[in-house]
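Hi,

Here is the structure I promised to pass on. Have a look at it first, and my notes on what I found follow below.

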Amino acid sequence: MPAQASSEQPAASAGDGRVIAPLGRRRGEVVANEASGGYRIVSAIDPAGPLPAAGQFYMLAAEHGWGGDGERPFLPRAFSVAEAAGDERGIRLSFLLEDVGPGTHALAGLEPGDGLLLTGPLGRPFSMPRSLNPDAAGAILVGGGIGLAPLAIWRRTLAASGIAERSLLGFRDRDHSGGLELFRCSEVRLASEDGHAGHRGYVTDLLERMLAGDSAATAVVYACGPPAMLEAVRALCEQRDVEAELAMESPMACGYGACFGCAVPLRSGGYMRLCVDGPVVNAAAVETALVAGAGHR
Ligand SMILES: Cc1cc2nc3c(=O)[nH]c(=O)nc-3n(C[C@H](O)[C@H](O)[C@H](O)COP(=O)(O)OP(=O)(O)OC[C@H]3O[C@@H](n4cnc5c(N)ncnc54)[C@H](O)[C@@H]3O)c2cc1C
Ligand code: FES
């Protein structure tokens, strides 16, 4: 089902597709927390925020057990929205997360009824294929590991707009995989480094094959995943002159442009703040997608 805006929560837009977050942090209520392979899908009702655009993210913290008494984590953490839909209580937001540290551990342990403090939606979302390439015939989505999250909501948005998409999803191994239920009704090809699902090897092998069969003149690629994967996608698309957008990661302390912790070098010189100028960036804007401290392996 495509995401629907609730009539009580009209989405303000900055004119570049991004939906503007209400000021301040608000309390959402967790309504589900389910295992999905090695990951978790945590869903919460946001009573006051607008419907996000695909590719945007939220800064999240658990209402209780977050910081205090010298315990980590101190700061909220950034998470891409994986699904969003309006209902009578507000906007139901779902996040796909991997328990890798104190923040994700606390969020992975939330139960229905618990409070989830959220700021968002933040950042710049994906652009429609035709705005990147007027001759686009559809979209190729390339996801690695937990990087599936923003592609899940993007493929729904594309499907709701009648745009053909094919998804290539890659995982390291069985323990570092999940979220496939978010891709129901999609044409999906899988790759895994340990061979437990689909092609044994990298998801970029599948992309290389697909681009060899497609015309570069009609292809558009959207990718999210670990920096090494994103860099391989960027280089491949540059070689073949294919338009691409990358949903990138960098360490984010505030999420709204104040701390400069998320600065990423631009090909044209200088830096962008990934939280406000990204996290979705045109692949041609960056020299490399290998961002230090991004976390994902
Ligand atoms: C825009 C944006 C969107 C994001 N979306 C998601 C998302 O949808 N789902 C999600 O799970 N994460 C997502 N992340 C990553 C998440 O915000 C970070 O991984 C976060 O730092 C985890 O917090 P933590 O307190 O659990 O671990 P931290 O204390 O930050 O890290 C603990 C240790 O784990 C390592 N680490 C951190 N992240 C990872 C990782 N992903 N894989 C392996 N090792 C890691 C660190 O290098 C460190 O050694 C996103 C990040 C950004 C910037
Ligand atoms: S995270 Fe603070 S400026 Fe981007």
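This is a predicted model: local features need pLDDT of at least 70, side-chain atom pairs count only at pLDDT 80 or more; totals for chains, interfaces and linings use all residues.

Let's start with the ligand. Strand S4 gives the most to the shell around ligand 1, with four residues. A quick word on names: helices (H or I, at least four residues) and strands (E, at least two) are DSSP runs, numbered from the N terminus.

Residues are numbered from 1 along each chain as its sequence is written, chains are lettered from A and ligands numbered from 1 in the order in which they are written, and side-chain values use heavy atoms, with hydrogens and water left out.

**The ligand site**

Ligand 1 is surrounded by 22 residues, and Arg77, Ala78, Leu96, Gly103 and Thr104 are the closest. A residue is near a molecule if one of its heavy atoms lies within 4 Å of it. At least two residues of the shell come from each of S4 (77-80), strand S6 (90-97) and helix H1 (102-108). Sorted by class, there are 11 nonpolar, seven polar and four charged residues around ligand 1. For that count, Ala, Val, Leu, Ile, Met, Phe, Trp, Tyr, Cys and Pro are nonpolar, Asp, Glu, Lys and Arg are charged, and the others, Gly among them, are polar.

Which residues make polar contacts with oxygen atoms of ligand 1? Here a polar contact is a pair of N or O atoms within 3.5 Å; within protein, one must be able to donate a hydrogen and the other to accept it, and residues adjacent in sequence count only if both atoms are side-chain atoms. Arg77 has a side-chain N or O atom 2.7 Å from a ligand oxygen. Glu98 uses a polar backbone atom, 3.1 Å from an oxygen of ligand 1. For Thr104, a polar side-chain atom is 2.5 Å from a ligand oxygen. On its own ligand 1 exposes 900 Å², of which the protein buries 77%. Those areas come from the Shrake-Rupley method with a 1.4 Å probe; for residues, only the protein chains shown count as cover.

**The sheet**

Next, an open sheet of seven strands, with the order S11-S10-S9-S8-S12-S13-S16 and mixed pairing. Its edge strands are S11 (199-200) and S16, each of which pairs on one side only. Two strands pair if DSSP finds at least two bridges between them.

Buried means under 20% relative accessible area, exposed over 50%, and partly exposed in between (1.4 Å probe, protein chains only). In a regular strand the side chains alternate between the two faces of the sheet. In S8 both faces are covered, with Ala139, Leu141 and Gly143 buried on one side and Ile140, Val142 and Gly144 buried on the other.

What does S8 pair with? It runs parallel to S9 (residues 165-171) over six bridges, and parallel to S12 (residues 220-224) over four. Gly143 has a bridge partner in each: Leu169 in S9 and Cys224 in S12. S8, helix H3 (residues 148-160) and S9 also form a right-handed β-α-β unit. Right-handed here means that, with the strands pointing away from the viewer, the path from the first strand over the helix to the second runs clockwise. Further along, S12 and S13 run parallel and are joined by five bridges, with Val220 partnered by Glu243 in S13.

- Leu182, in the loop between S9 and S10 (187-192), counts as buried because its relative accessibility is 4%. Its C-alpha is 5.7 Å from that of Ala152, 30 residues apart along the chain.
- Gly120 and Pro121 are joined by a cis peptide bond with omega about 5 degrees; Pro121 lies in strand S7 (residues 115-122).
- The bond from Gly278 to Pro279 is also cis, with omega near 10 degrees.
- Asp241 is not a glycine, yet has a positive phi of about 60 degrees. Its relative accessible area is 68%, so Asp241 is exposed.
- Phe260 has a positive phi too, near 65 degrees, and is exposed at 54%.

Cheers
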